[in-house]
Amino acid sequence: MANNISTVTDTQTVLRTENLNVYYGKFLALKDIWLDIPKNQVTAFIGPSGCGKSTLLRCYNRLNDLIESFRADGKILFYDKNLYASDIDPVEVRRRIGMVFQRPNPFPKSIYDNIAFGAKINGYKGNMDELVERSLRQAALWDEVKDKLRQSGSSLSGGQQQRLCIARAIAVQPEIILMDEPCSALDPISTLRVEELIHQLKEQYTIVIVTHNMQQAARVSDKTAFFNVRTTETGGRNGYMVEYDATELIFNNPQQQDTRDYVSGRFG
Ligand SMILES: Nc1ncnc2c1ncn2[C@@H]1O[C@H](COP(=O)(O)OP(=O)(O)OP(=O)(O)O)[C@@H](O)[C@H]1O
């Protein structure tokens, strides 16, 4: 990275990406990524379609392992542990690094059980009622659902379902929450509520969010990474990171012309 200007106070790094290359079969989807994710901050990934934002996000909780053609080299360090080392249990990685997806996907269970299910599987021994209430409160959903906890999660509105999914992610006490375009299926008011929630959650969690909405990146994140796609001589399209810095600098004073063009809406 060729820039060293940052207005963000240096904090502890929770995820360090070093020289990461990601392949699907022979296709190099992400090339030579170096990126540090700071603790208790919100980091946004922006960039045109196909530049590898979701691929990188899914590397952080080993969700790409489920894709047969996937292969990665380089390192992703979670504190000092390489997430891809042979002694790392991907299930434990996914508990400590949770994920919220683009479309709300509650389990076909009650609101209560949506929260309790993961905790039970993870051997939670505490008071389940308290955990359900605490998780729903943290997800700013408690007041809306406290009288109908036994109703199906899918009976809620889209925005409520997404907050239920956030509550479900929180319930297993992760350290990091990955969000892949969490508001793209929501109306503007629900989007605002989720954005407010992201602000509150970063006091306790580290958040990494992929978003196509640049205003959203500017509103919610402390740091922003801009990715782009480079077409190779053989016609391949490799994703790479152009610039990573404090969000304010990425939007107001980027160092790279491609970033400037993208954030000003000249391409993408
Ligand atoms: N399971 C897969 N198998 C093969 N190629 C894949 C797979 N998933 C993603 N890709 C390819 O990897 C590249 C990066 O995709 P990815 O979804 O990470 O990009 P993105 O920046 O998140 O895009 P978008 O903004 O459209 O969601 C694309 O060329 C895509 O076609």
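This is a predicted model: local features need pLDDT of at least 70, side-chain atom pairs count only at pLDDT 80 or more; totals for chains, interfaces and linings use all residues.
Now turn to the helices. Two packed helices are described by the angle between their axes and the distance between the axes. Take helix H6 (residues 158-171) and helix H7 (residues 188-201). Their axes lie 9 Å apart, and the packing angle is about 20°. H6 is therefore roughly parallel to H7, since angles under 35 degrees count as such. The crossing of H6 and H7 is right-handed. On the H6 side, the contact is made by Gly 158, Gly 159, Gln 162, Arg 163 and Ile 166. On the H7 side, Ser 190, Arg 193, Val 194 and Leu 197 meet them. The residues of this contact divide into three nonpolar, four polar and two charged.

H6 also packs against H4. The axes of H4 and H6 come within 8 Å and cross at roughly 125°. That angle makes H4 oblique to H6. The crossing of H4 and H6 is right-handed. Leu 131, Ser 135, Leu 136 and Gln 138 come from H4. Their partners in H6 are Ala 167, Ile 170 and Ala 171. This contact of H4 with H6 has five nonpolar residues, two polar ones and no charged ones.

Next, the backbone. Most residues other than glycine have a negative phi. Which residue in the loop between helix H4 (128-138) and helix H5 (142-145) deserves a check? Ala 140 is found there. Its phi is near 55°, a positive value in a residue other than glycine. Ala 140 has 17 other C-beta atoms within 10 Å, so it is partly exposed.

Glu 181 is a further case. It lies in the loop between strand S7 (176-180) and H7. Its phi is positive, at about 45°, although Glu 181 is not a glycine. Is Glu 181 buried or partly exposed? With 19 other C-beta atoms within 10 Å, it is partly exposed, because a buried residue needs 20 or more.

Key:
Residues are numbered from 1 along each chain as its sequence is written. Axes are lines fitted to C-alpha atoms, for helices over the stretch in contact, and angles run from 0 to 180 degrees between N-to-C directions. Helices (H or I, at least four residues) and strands (E, at least two) are DSSP runs, numbered from the N terminus. Angles under 35 degrees count as roughly parallel, over 145 as roughly antiparallel, 65 to 115 as roughly perpendicular and the rest as oblique. A crossing is left-handed if the near helix is turned anticlockwise from the far one by less than a right angle, and right-handed if clockwise. Two residues are in contact if their C-beta atoms, placed from the backbone, lie within 7 Å. Ala, Val, Leu, Ile, Met, Phe, Trp, Tyr, Cys and Pro count as nonpolar, Asp, Glu, Lys and Arg as charged, and the others, Gly among them, as polar. A residue is buried if 20 or more other C-beta atoms lie within 10 Å of its own, exposed if 12 or fewer, and partly exposed in between; C-beta atoms are placed from the backbone.
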